[in-house]
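Hi,

Here is the structure I said I would pass on.

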Amino acid sequence: MSDLRNAGHLFRLAAVFAAMFIVFLLVRALLVPKGFGRYGHYRAEALAEIAAKPINYAGHQACENCHSDVVEVKSQGKHKGVKCESCHGPLARHVDDPASVQPAKLEATSLCPRCHTANAAKPKKFPQVAPEDHSGGVPCDTCHKPHTPAIETAEAKP
Amino acid sequence: MTMTRRHFIVLTAAAAAAWDHILAGTPETASNYNASEHWYGMLMNIEECIGCGSCVRGCQQENGVPDGYFRTWVERYQVGDWTVENPTVDSPDGGKNGFPELKHADGKSFFVPKLCNHCADSPCTQVCPVGATFHSPDGVVLVDPKYCLGCRYCVQACPYGCRFLNPKTETAEKCSLCYHRITKGLTTACCEVCPTGARQLVDFKNANDPIHAFLKTHAVQVLKPYMATKAKVYYYGLDGSVR
């Protein structure tokens with residue numbers, strides 16, 4: 001026992017280490033954000049925060065709920081695979097409030113060439129024209145209906 | 001009872017543990033979306049891409065991407081008969097406004113849409129010093145803008161050049177695979193507006209996803225397979241010259 005009589009300084013040192021460890025735990029609890037490490041080395045709340053961002057494109061399912069007439073017309077034509085917002089733009093606000101938020105009127109002269117301007121890099125099977133030579137500035141929708149673009153002439157019909 | 005030093009130390013440690021628990025808070029109530037039931041990727045069909053730039057514009061409108069920066073973009077490759085190893089690549093403004101016709105068309109040319117490959121073994125998440133970028137349980141590589149320091153390590157680490165530093169927030173930014181849309185059952189903005197269906201969101205864990213039938217009968221490849229990143233954006237009809 002006499003050996004331990006002079007060991008008081010060891011206990012004091014141990015107490016200092018214990019206090020430092022506690023301070024470390026407290027500081028760590030303060031600095032590590034909530035949810036960090038629940039799923040991995042990141043803030044678990046970030047997942048919900050990113051998922052909670054508002055959408056701008058409503059998705060064609062939302063359009064089709066109301067505009068079934070257009071869906072019917074479009075399903076007959078070559079544009080059946082083109083989703084509504086591809087041409088009409090992002091319309092989630094319109095879906096939220098159809099009365100007061102109206103989609104902008106589209107300008108065929110600038111819209112159609114976005115896809116159909118001829119380019120050597122485009123797939124050969126894709127219908128493409130040089131807009132100036134093709135129509136000479138006449139708006140595309142003079143002849144082509146945008147939802148069913150093929151021109152139905154007497155000769156073209158079988 | 002008098003408080004001895006021993007009691008004090010024991011009690012303080014217990015209090016610290018309890019406080020840690022209080023700070024952690026209650027776990028959020030789960031919505032009906034279960035991340036572990038999904039594993040997302042994308043399928044690109046090169047033979048369908050017309051280089052219209054709808055995806056680039058759609059992404060910018062959906063995610064508020066600043067002008068001159070791109071979460072997705074379209075490249076035009078021009079490969080001559082003798083330049084398979086050294087193709088000419090251009091992407092004016094990310095292909096946002098289409099591509100002007102080339103003056104000297106030599107050999108073949110085609111479009112390659114690009115975006116974050118959402119690698120299952122991504123170099124960008126490995127280098128993040130603070131855990132601000134991570135793999136979500138459904139296989140999407142995301143950035144936590146509240147935790148990002150803006151150190152740019154990830155921008156350098158991405159072998160596909162898919163990351164940038166947002167000039168306004170000064171945090172790293174990249175394609176989130178429209179995480180705010182796909183968790184609501186919608187497709188990504190780029191896939192929604194693609195007029196030819198050249199890009200399709202894929203859920204590998206969904207047994208009814210058409211990708212499973214597609215992969216049985218089609219040869220696909222990923223970009224830079226030698227980087228061993230386990231990229232999840234599959235390209236169909238990709239030329240060997242694409243880097």
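**Domains of chain A**

In chain A, 10 residues of domain 2 are in contact with 6 residues of domain 3. Before you read too much into any of this, bear in mind that it's a predicted model. On the domain 2 side of that contact, helix H4 (68-74) and helix H5 (84-88) of chain A are the elements that give two or more residues.

For orientation, the division of chain A is domain 1 (2-47), domain 2 (54-104) and domain 3 (106-151). Taken over C-alpha atoms, the centres of domain 2 and domain 3 of chain A are separated by 21 Å.

**Chain A as a whole**

Two more numbers for chain A. Of its 158 residues, 18% are buried. Among its contacts with a separation of 6 or more, 48% are between residues 24 or more positions apart.

Helix H1 of chain A is worth a look on screen. It covers residues 8-31, which makes 24 residues, and at 1.5 Å a residue it should span 34 Å; the end C-alpha atoms are 35 Å apart, so the two agree. Is H1(A) well covered or hardly covered? Hardly: 0 of its 24 residues count as buried.

**Where the chains meet**

The contact between the chains takes 38 residues from chain A and 47 residues from chain B. On the chain B side, several elements each supply at least two residues: helix H1 (5-24), helix H2 (54-63), strand E4 (108-115), helix H5 (179-182) and helix H6 (189-193). The largest share of that side comes from H1(B), with 9 residues. By class, the side of chain B that touches chain A divides into 22 nonpolar, 14 polar and 11 charged residues.

**Inside chain B**

Chain B is divided into two pieces: domain 1, made up of 39-117 + 187-236, and domain 2, which is 123-172. Their C-alpha centres lie 21 Å apart. Across the boundary, 13 residues of domain 1 of chain B are in contact with 12 residues of domain 2 of chain B. The domain 1 side of that contact has 8 nonpolar, 2 polar and 3 charged residues.

Finally, the core. The largest nonpolar core has 70 residues, and the members that touch the most others are Met44(B), Leu142(B), Leu177(B), Ile182(B) and Cys190(B). Which residues does Met44(B) touch, leaving out those up to four places away in sequence? They are Pro113(B), Ala198(B), Arg199(B), Val233(B), Tyr234(B), Tyr235(B) and Tyr236(B).

That's everything I have for now.

Cheers

Note on methods. Residues numbered from 1 in each chain as written. Chains lettered and ligands numbered in written order. Predicted model: local features only at pLDDT ≥ 70, side-chain atom pairs only at ≥ 80, totals over all residues. Helix = DSSP H or I, 4+ residues; strand = E, 2+ residues; numbered from the N terminus. Expected span 1.5 Å × (residues − 1). Buried ≥ 20, exposed ≤ 12 C-beta atoms within 10 Å, placed from the backbone. Core = buried A, V, L, I, M, F, W, Y, C linked by C-beta atoms within 7 Å. Contact = placed C-beta atoms within 7 Å. Domains from an automatic or database assignment. Nonpolar A, V, L, I, M, F, W, Y, C, P; charged D, E, K, R; others polar.
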